[in-house]
Each structure stands twice: as structure tokens, then as C-alpha cells.
Amino acid sequence: MTLPSTTEADAATLMQNAPDSRPAPGTKQRVLSGMQPSADSLHLGNYLGALVNWVRMQEEYDAVFFIPDLHAITVPQDPAELAHRTRVTAAQYIAGGVDVDKCTLFVQSQVPEHAQLAWVLNCITGFGEASRMTQFKDKSLRHGSDQASVGLFTYPILQAADILLYQPQGVPVGEDQRQHVELSRDLAIRFNSRFGETFTVPEPFIQKESAKIYDLQNPVGKMSKSAESPNGLINLLDDPKITAKRIKSAVTDAETEIRFDRENKPGVSNLLTIYSGISGLPVEKIVADYEGKMYGHLKVDLAELVTEHLAPIRERAHEFLADPAELDKLLAHGADKAREIASATLRDVYARVGFLPYAGTQGSL
């Protein structure tokens with residue numbers, strides 16, 4: 001049996017018929033962001049630095065938020081712990097104000113198009129280009145290149161696939177993540193140049209207005225789950241007594257004046273930033289309110305403010321975690337919404353690189 005060959009005209013028809021997943025002119029701009037499920041609780045830096053902004057953005061944008069569990073396995077993971085942390089992260093997203101009816105919220109591994117697009121992008125990324133990504137260099141130097149997986153080396157390309165798959169106009173990131181958005185832009189431009197207009201070239205939305213929260217015990221370093229001591233963390237799911245104790249024990253300085261001075265008074269400045277982020281008051285107003293008062297007054301009031309603010313978030317997150325089947329349904333619904341966009345992008349990409357369309361009955365690209 002002789003099959004007809006695929007001609008250039010056939011290939012052109014495939015590309016013309018490929019769906020366009022880019023947001024239509026006049027619709028809301030699309031943004032995308034995510035946080036890895038790498039701890040048993042989000043901390044206050046995650047909340048004030050990202051989640052609060054997400055809640056605001058879902059009102060203004062076509063917002064896509066996800067939990068990048070594929071990225072999590074670039075380092076060794078306990079499977080049961082990873083599954084638990086993925087649900088915990090999702091529960092805190094929703095409890096913190098992410099509304100599944102206003103945005104698209106999903107788990108990365110439940111949308112296979114992420115890995116499929118990543119392979120195509122791997123094949124147009126230079127080895128030297130990938131090796132210059134700073135986070136891989138930092139982690140491989142810290143742990144040794146022999147211990148670094150190929151997944152860790154290529155994860156910025158998977159991150160580019162995460163972004164380009166949804167055709168967002170903007171990616172809200174901190175300054176330390178700008179390089180990854182730049183790689184996404186480079187790959188989008190390269191693909192568009194070689195194969196025709198396919199991807200929206202995203203812009204980094206650098207969150208200058210986001211609160212940058214520092215470690216309570218080491219206020220020159222960012223609050224991080226990888227901190228040397230847990231006493232520097234304020235976790236969203238911690239018991240309120242633990243949260244209050246850590247705030248009251250926060251490092252300050254030998255002076256007594258309450259003022260914002262990031263360089264000379266990092267500890268007090270960090271407490272003021274947290275106070276402002278939770279209360280919504282300008283730092284200047286808070287400083288004026290505490291004129292003539294001691295650090296102890298600020299710490300006691302801040303401990304009460306933070307614990308009262310986090311209490312309903314913690315309680316709602318535990319309600320979701322008590323019913324994992326319902327939480328999984330919400331995430332599955334989000335994955336279905338995400339796949340509507342992702343599958344259209346992937347079909348377009350596959351057609352443009354010359355892959356044959358799938359004609360079977362077990363689902364289609």
C-alpha cells in the first residue's frame with residue numbers, strides 16, 4: 001500500500017488550520033505565575049511577596065496560576081511528601097484568596113503539554129545558553145556537578161514552556177527571576193522566526209511594589225524555607241503561639257528608635273515592612289504612630305496583627321486539607337481549563353515543526 005506524501009502545501013494547510021491560543025485583541029491581558037510545593041507551609045514572604053499580588057491580579061487579568069510539581073523533582077523527593085505538599089500548597093493558594101472561578105489554578109503535572117512543549121524548546125536551545133542560567137550554576141556549585149540532574153540543567157527550558165504554553169503577555173516575577181523570563185522571550189522569538197508567528201513574546205512584570213520579607217533572625221537574607229533556623233520564618237500554617245513568639249524574638253539592633261533604614265536597621269525595617277504589608281498602612285504612618293515607643297511595643301502589636309490576619313487563612317486551608325477529594329476536584333477542573341489553552345498551543349507548535357496530526361481515538365493533540 002502506497003501512502004501519499006506530505007507536500008509543502010499540506011504542511012502549510014496544517015499550520016493555517018492550527019488553532020490560535022493567543023488572547024484575542026480587546027480581551028484581558030493574560031498573566032501566569034506559580035510557586036513550587038517544596039515545604040509543608042508557605043511562609044509570609046510567599047504570601048506578601050506573591051500571593052497577595054495574585055489575588056489582586058485575578059481581578060484585573062486573565063490569570064493563570066499553577067503548582068510546578070514537575071520542577072520539584074529536579075531534586076530528590078519523597079513521593080508521599082510531594083503529593084501532600086502539592087495539596088497543602090493548593091489549599092493555601094485558595095485560602096489566601098485565589099478564586100478558582102476568577103482564574104485558572106492547576107497542578108503542572110496534570111497538564112502533559114508542559115513536558116511536551118519543553119522537549120520542542122529543548123531542541124532549539126543551545127547548550128551554552130542553558131549552562132549560563134544562574135540558578136543551575138549556583139546549585140551545581142553548591143552540591144557538585146556530579147550530583148546535579150539533567151532535569152536541573154534543563155528546568156529553565158521547562159519553565160519557558162510553562163510560560164509560552166499559555167501565551168501570556170506578562171509574567172509577574174521578582175528581579176531574581178528576570179533571567180528566566182528573558183530565556184522565554186529569546187525562545188519565543190527564535191521559534192517565531194524559524195517557524196512563523198506562534199508565541200506571544202512575554203514581558204516580565206517585575207513586582208517592585210511587592211513586599212520583600214526578610215528572615216527574622218537574619219534580616220539581611222530573604223525569608224526562605226531553606227533558612228538555617230526555622231525561628232526566622234513565619235509560616236502560614238504555624239500555631240499562632242509559635243508565630244507570635246518568633247516575631248517577639250526577632251533580631252533588631254542596639255538602638256531604640258523605630259525608623260525605616262534598610263541598611264543600618266534591617267531588623268526593624270523588616271518588621272515595619274511586614275506591618276505595612278499586613279495592615280495596608282504606609283511605612284511612614286506606622287513610624288509616626290510609634291514615635292517615642294520601644295521595639296517591644298512594635299513587636300507585641302505586630303504579633304497580634306499577624307496572628308489575627310493569618311488565622312482565617314490557616315483555618316480555611318485546614319478545611320480544604322480535611323477533604324482532599326474535593327480539593328482534587330477543584331484542581332482537576334483547573335487542569336481542564338488549562339488544557340484548553342495548552343493543547344491549542346501545542347497543536348500549533350506541532351504543526352509548525354512538521355509533526356503529523358494524531359488521527360487516533362485515544363484523545364488528540
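Which residue's side chain meets that of Glu203 in a salt bridge? The partner is Arg185, with N and O 3.2 Å apart. Keep in mind that we're looking at a predicted model here. Glu203 sits in strand β5 (residues 203-206) and Arg185 in helix α9 (residues 178-195), so this pair links distant parts of the chain, 18 residues apart. Glu203 is partly exposed, at 39% relative accessible area, while Arg185 counts as buried at 18%, since the cut-off for buried is under 20%.

**Other salt bridges**

The structure holds 17 salt bridges. Here are three of them, side by side.

| Pair | N to O distance |
|---|---|
| Glu113 and Arg339 | 2.8 Å |
| Glu203 and Arg185 | 3.2 Å |
| Asp348 and Arg352 | 2.7 Å |

Glu113 is buried, with a relative accessible area of 1%; Arg339 is partly exposed at 33%.

Asp348 and Arg352 are another story: both lie in helix α14, 4 residues apart, or about one turn of the helix. Asp348 counts as buried at 4% relative accessibility, and Arg352 counts as buried at 19%. Elsewhere, salt bridges that share partners join Asp253, Glu255, Glu257, Arg259, Asp261 and Lys265 into one network.

**What helix α4 packs against**

Helix α4 (residues 79-95) and helix α14 (residues 324-353) have axes that come within 11 Å and cross at roughly 75 degrees, so the two are roughly perpendicular to each other. On the α4 side you'll find Arg87, Ala90, Ala91 and Ile94, which meet Pro324, Leu327, Asp328, Leu330 and Leu331 of α14. That contact divides into 7 nonpolar, no polar and 2 charged residues.

α4 also packs with helix α13 (residues 295-321), at an angle of about 130 degrees and with the axes 8 Å apart, which makes α4 oblique to α13. The crossing is right-handed. Arg87, Val88, Ala91, Gln92, Ile94 and Ala95 of α4 make this contact with Ile313, Arg316, Ala317, Phe320 and Leu321 of α13. By class, that gives 8 nonpolar, 1 polar and 2 charged residues.

**A look at Ile163**

Ile163 is in helix α8 (residues 150-164) and is buried, with a relative accessible area of 4%. Leaving out residues up to four places away in sequence, Ile163 touches Leu32, Pro168, Val171, Ser184 and Pro202. His114 is 49 residues from Ile163 in sequence, yet their C-alpha atoms are 9.2 Å apart in space.

Technical notes:
Residues are numbered from 1 along each chain as its sequence is written. This is a predicted model: local features need pLDDT of at least 70, side-chain atom pairs count only at pLDDT 80 or more; totals for chains, interfaces and linings use all residues. Side-chain values use heavy atoms; hydrogens and water are left out. Axes are lines fitted to C-alpha atoms, for helices over the stretch in contact, and angles run from 0 to 180 degrees between N-to-C directions. Angles under 35 degrees count as roughly parallel, over 145 as roughly antiparallel, 65 to 115 as roughly perpendicular and the rest as oblique. Contact means heavy atoms within 4.5 Å. Ala, Val, Leu, Ile, Met, Phe, Trp, Tyr, Cys and Pro count as nonpolar, Asp, Glu, Lys and Arg as charged, and the others, Gly among them, as polar. Buried means under 20% relative accessible area, exposed over 50%, partly exposed in between (1.4 Å probe, protein chains only). A crossing is left-handed if the near helix is turned anticlockwise from the far one by less than a right angle, and right-handed if clockwise. A salt bridge is a side-chain nitrogen of Lys or Arg within 4 Å of a carboxyl oxygen of Asp or Glu.
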